[in-house]
Every structure is written in structure tokens, then in C-alpha cells.
Protein chains: 2
Amino acid sequence: MSRPTKQSPERGNARIRLLEAARDVIRAKGFAATSVDDICKAADVTKGAFFHHFGSKDALGVAAAEFWAETTTGFFASAPYHDPADPLERILAYVAFRKAIIVGDLAEFTCLVGTMAQEVYASSPEIRNACGRSIFGHTATLEADIETARRDRGIRGDWTAESLARHTQAVIQGGFVLAKAGNDPELAREALDHLDRYIRSLFHLTEEAA
Amino acid sequence: MSRPTKQSPERGNARIRLLEAARDVIRAKGFAATSVDDICKAADVTKGAFFHHFGSKDALGVAAAEFWAETTTGFFASAPYHDPADPLERILAYVAFRKAIIVGDLAEFTCLVGTMAQEVYASSPEIRNACGRSIFGHTATLEADIETARRDRGIRGDWTAESLARHTQAVIQGGFVLAKAGNDPELAREALDHLDRYIRSLFHLTEEAA
DNA sequence: TGACGCATACCGACCGTATGGTATGTTTGC
DNA sequence: GCAAACATACCATACGGTCGGTATGCGTCA
């Protein structure tokens, strides 16, 4: 099972496996409560491999956040919510997509970097910053559509595209917190329903009772 | 400094000190990263006192969540946002109050039970449930005003007072996550501005550009 | 009233284990 | 044959938790 390195394409296999294992275990147990051995066991590699690839547990935390940023960027970039021609439709499709992917166990859909940021924001600025880059890098992908939609429709109000993009993340992250506290994924979906309603109201799409 | 127990009114002093220390340290470092010794040092008591009052570190976590629930309940019950005669005004005053108390260091205004719930939701159901009771017990205090305001004003829409009350918490908690990730309290205040705008729109208070 | 006994509050040394990290060896591919 | 990719054994420490002990206040009963 170990070291399936046969040809070069498999090279660096343990590193990826460690990052994936870290993602899964940390999402369930949190960063501090996750030991290096936990991650090694989940990745089916030894501690030697771990410290060969990562200088320390904190360094893995940073790498895990960056890995998260890369994989989620790819995931969202290829998601179907970009299809609508109208930018506002794309924004609403994004919210609907975020809601649609809330399925299965909590640890499968909650946000690694949101969880880690809450935990280590004071203990490890490096990890915190890596988490911040991941989160705010993602929100930035929404800004252009929001700004375009706002201009297209002549919307005026004392809010910016940047702040609304961040707010989507706040609602999503807050929904995850409530879902965990209540042990019920529906609480996360519920928050997104309110977000959808809010965005529609900002863009005057409010058909009464909708 | 230790054991100021002279008369009975001081009795149980160490327990309170431990709970207050736990609150402060855990808010800054997270539950798992906080050691029993950390808490003892912050409370200026010994480990003997700790395990005299709490059967385990997890038991302290539960007690800390309950202590948080008690103290915050008292704090919000005596807060000035209850003053307005109109229930909707009280709701908006609540949001403004939540924004107003976001001052100082992150660890001073963020939510203990939100942080803990994220961390231990899978590892310790006892702590998670205690956190859930604290959070949802607080949201429940808003429901009556929301429901009354809704009826008074004949508001119709596919949302309930309960879900809107929960949503306020989601926005608050999400704001905290973003504030930590970005190391900027303003991010939490920004989320509350959007929440204020959302509530006004639900109750048709939206004067354009406000 | 005061000596006694007892429960509670708290202290501080100690224990077994798990943890992050290291040093050295071994395999693999180029 | 050399460097990178792992494995294995090991170390020092920090951790949660235990245990025997001490101090303090309070009820009680002579």
C-alpha cells in the first residue's frame, strides 16, 4: 500500500496524499486536535515522509490552506453556475450552487480554511494569512459579476461589490457554524435562502412573497 | 494571591476564576490548543483546583459553554436595545448593538461557543450541544419581536421568525470568521450592515439608497 | 462557648502516554 | 552513483489526569 512510486508521474504522491488526508481530518477534528500521526495514518505514510515534505505541523497547515485554495478554485471555476449570460443570474446561480453542494456529512461540505482561521488566528499568523488568502481570493471571483450587474441595472445603494462578495462568504461561513452547532446541515442551507432573498432585494427582483 | 477564601461569600472563587480564564484563553487560542495548565495559570490556581471542580478538560468545555450562556444572557437582557416601543425598532437596535460592541481585540468580542462548536463538533458532542444550546437559546430571544413585527406590519414572505432569528446569528458568526481570517474587526461590522439592510428590506423599510 | 469532627476547597508532586520533531537508514528513478 | 522519496527507531517534552496531603469554615454537642 505504501510508496506506490513506480514511474515519475506518481512522484510526490505522498505529499498529495498527506494534503488530502490533512484536509479531511482537520475538517472533522480541527487543526490543533489533529496530530501528525493522525494525518500520516489517514494518508498511509510514515512520519518520515511527513517531515520530508513539510518542515513542521504549522507548515503543513499553511500548505493545506494553499492546497485548499487551489483545489476549490478549480472546482468553482468549472462549476455550472457560470453558464447564465446575465451576471446577476450567475450570482444567484452561485448561491444556488453553494446550497446544492451542501449534502452528506458536515465534514464533507464545510470549509477547511474557515475552520482553521477561527482556531489559529492568534496562534499562527502564517496559517491565518493562508486561510485569509483562500477565502478572500474566492470572494474576489464574484466581484466582477456583482459590479457588472449593479451597473447594468443601475442599482444605487451604500454598498460595494466587494463588500457584497464578502458578505456571501460571511453568510456561508456563518451557516456552517450554525450547522455544526446544531448538527444539522439544513441550517447552512437556510442561511443561503436568506442570502438569495437579500441579493434579489438589492437588485429589486423581489416579487412579493418570494 | 491564591485561595482568597476567608468567608463563605467567597466560596467557589476558583471555579469562577477558572471559567473566566477558560473563556478568555479559549477565545484566543481555541479549545484544543488550550492546555489545562494554560487555564490554571491564567486563573492563578493549581491543577488540583481544576480537577476538583471539573472532572475533565471536556467537562470544563461544557461548563465554559454554559457559563457563557448565562453571562451573555444577562448581558443582552440588560442591554439598551430593548428600549424602543416598536418591535421592529428593537430588532434593528439589536443589530446596531451587536455592531457597536465590536471594539478592541478580536478575542474580546468574538463568540466563545461559535469558536468551540466549529472545533469540537465531531470530537465532543457534549461540548457541541452545550454550544448549540447557548447559540440557539440566544436566537430564540429575538423570535418574539420578529414575529410581532411581522404580524403588525402584515409582512408576507416565505420565511419564519425563527429562521430570520437564526440568520442574524449566522451573519454574526460568519462576520467573526471573516474578521479572524482577515485580522480586521471591520469585516464583522460590515456583515452587520448588510444584515441591517436585509431586515429593512424584509419589512419594506427600504428608502432607496439606504 | 469552645473543642471536636467532618466536608469542602485547594495545593503540588507525580505518572503514563501521546506528541512534535530528529537522526539515520533504505529504496527508487534518472 | 547520486539525489530525492520515503521508512524506522528514537528522543525530549508537554499533556491530561491522579493522588496524597493541607487548610478552612461550619455544624454539633457537651
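Copies are superposed here by least squares on the C-alpha atoms of residues with pLDDT of at least 70 in both. The structure is a predicted model, in which local features need pLDDT of at least 70 and side-chain atom pairs count only at pLDDT 80 or more, while totals for chains, interfaces and linings use all residues. Residues are numbered from 1 along each chain as its sequence is written, and chains are lettered from A in the order in which they are written.

A rotation of 180 degrees, with 0.0 Å of shift along its axis, brings chain A onto chain B with an RMSD of 0.1 Å; the two copies are thus related as by a two-fold rotation axis. Among the residues of chain A, A:Gly174 comes closest to this axis, its C-alpha lying at 1.8 Å.

Chain A comprises ten helices and zero strands, helices being DSSP runs of H or I of at least four residues and strands runs of E of at least two, numbered from the N terminus. Of the 210 residues in chain A, 45% are buried, that is, have 20 or more other C-beta atoms, placed from the backbone, within 10 Å of their own.

The contact between the chains, counted where C-beta atoms placed from the backbone lie within 7 Å, takes 47 residues from chain A and 48 residues from chain B. Elements giving two or more residues to the side of chain A include helix H1 (13–29) and helix H8 (125–152), and the largest share, 15 residues, comes from H9(A). The same surface serves both copies, since 100% of the contact residues of chain A recur in chain B.

Note on methods. A residue is buried if 20 or more other C-beta atoms lie within 10 Å of its own, exposed if 12 or fewer, and partly exposed in between; C-beta atoms are placed from the backbone. Two residues are in contact if their C-beta atoms, placed from the backbone, lie within 7 Å.
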